[in-house]
Amino acid sequence: MQYDRVQAAEEDALLIQALQSNDREALGTFVQRQQGFVFGYLRSRMVDPTDADDLCQEVFLRCLAGKVRFRGDVPVRPWLLGVARNVLREHIRRNKRRKEVEWTELCLELDSLTEDDSSDYRVVHGWLHACIDTLGSSAHEALKMHYFARLKMAQIAEKMRRSEGAVKLLVFRARQALKECVTRKSRTAADE
């Protein structure tokens, strides 16, 4: 049986209406249907999976508490992604000094480039990986050390035998190159 997007959208809209009428059973069904999607979106942008889990819960708590209102003129998943983006932005503001927030910031910057694109995030995630593969070896290595190994710029500079300023510039340019690459891929996909 093939997945019917129209039927799923109608069911989601009915669940949202039930939620707005304080139907707690509808909440369980709604969370069960959407939690994997929202968690996947958040997890791909967070270094720590427990942070992604906490933020995922926050997204659904906001839906339950009525802090965000569903407008019937947009599909549920893009609306949930908008709520999740706002939760991520607030998380960044609260935790600005934590190293893993920088990866999340990069992901949000890339999201902003494709906000008007209705592409499945898995496609965008694939673009990001393809774009990372186009970086030079130094830029690729610097990003890995900075975002995944969580090394400080001075430590990366020492390992790469460069000045700290040169490493900061290398990471900045790599981020810019990733944004440009994802933008190009998004525009190409939109034109097809």
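Modeller: pLDDT is the predictor's confidence in each residue, from 0 to 100. Keep that scale in mind, for this is a predicted model.

Colleague: What is the mean pLDDT of the protein?
Modeller: Two figures sum up the confidence. Of the residues, 81% reach a pLDDT of 70 or more. The mean pLDDT of the protein is 79.

Colleague: Which element has the highest mean pLDDT?
Modeller: Start at the other end of the range. Helix 5, residues 101–113, has the lowest mean pLDDT, 66. The highest mean, 91, belongs to residues 153–160, which form helix 8.

Colleague: How many salt bridges does a search of the whole structure find?
Modeller: One of the salt bridges joins the side chains of Arg-62 and Glu-58. Another joins Glu-141 and Lys-144. Over the whole structure, the number of salt bridges found is 5.

Colleague: Which helix holds both Arg-62 and Glu-58?
Modeller: Their side chains meet in a salt bridge, 2.8 Å from N to O. The two residues are 4 apart, about one turn of the helix. Both lie within residues 49–65, that is, helix 3.

Colleague: Is Arg-62 buried or partly exposed?
Modeller: Buried means under 20% relative accessible area. Arg-62 has 14% relative accessibility, so Arg-62 counts as buried.

Colleague: Where does Glu-90 lie?
Modeller: The side chains of Arg-62 and Glu-90 meet in a salt bridge, 2.3 Å from N to O. This pair links distant parts of the chain, 28 residues apart. Arg-62 is in helix 3, whereas Glu-90 is in helix 4.

Colleague: Is Glu-90 buried or partly exposed?
Modeller: The cut-off for buried is under 20% relative accessible area, and exposed is over 50%. Glu-90 has 25%, so Glu-90 is partly exposed.

Colleague: How far apart are the closest N and O atoms of Glu-141 and Lys-144?
Modeller: Both residues lie in helix 7, residues 137–148. They are 3 residues apart, about one turn of the helix. Glu-141 is partly exposed at 34%, and Lys-144 is partly exposed at 38%. In their salt bridge, the closest N and O atoms are separated by 3.9 Å.

Technical notes:
Residues are numbered from 1 along each chain as its sequence is written. This is a predicted model: local features need pLDDT of at least 70, side-chain atom pairs count only at pLDDT 80 or more; totals for chains, interfaces and linings use all residues. Side-chain values use heavy atoms; hydrogens and water are left out. A salt bridge is a side-chain nitrogen of Lys or Arg within 4 Å of a carboxyl oxygen of Asp or Glu. Buried means under 20% relative accessible area, exposed over 50%, partly exposed in between (1.4 Å probe, protein chains only).
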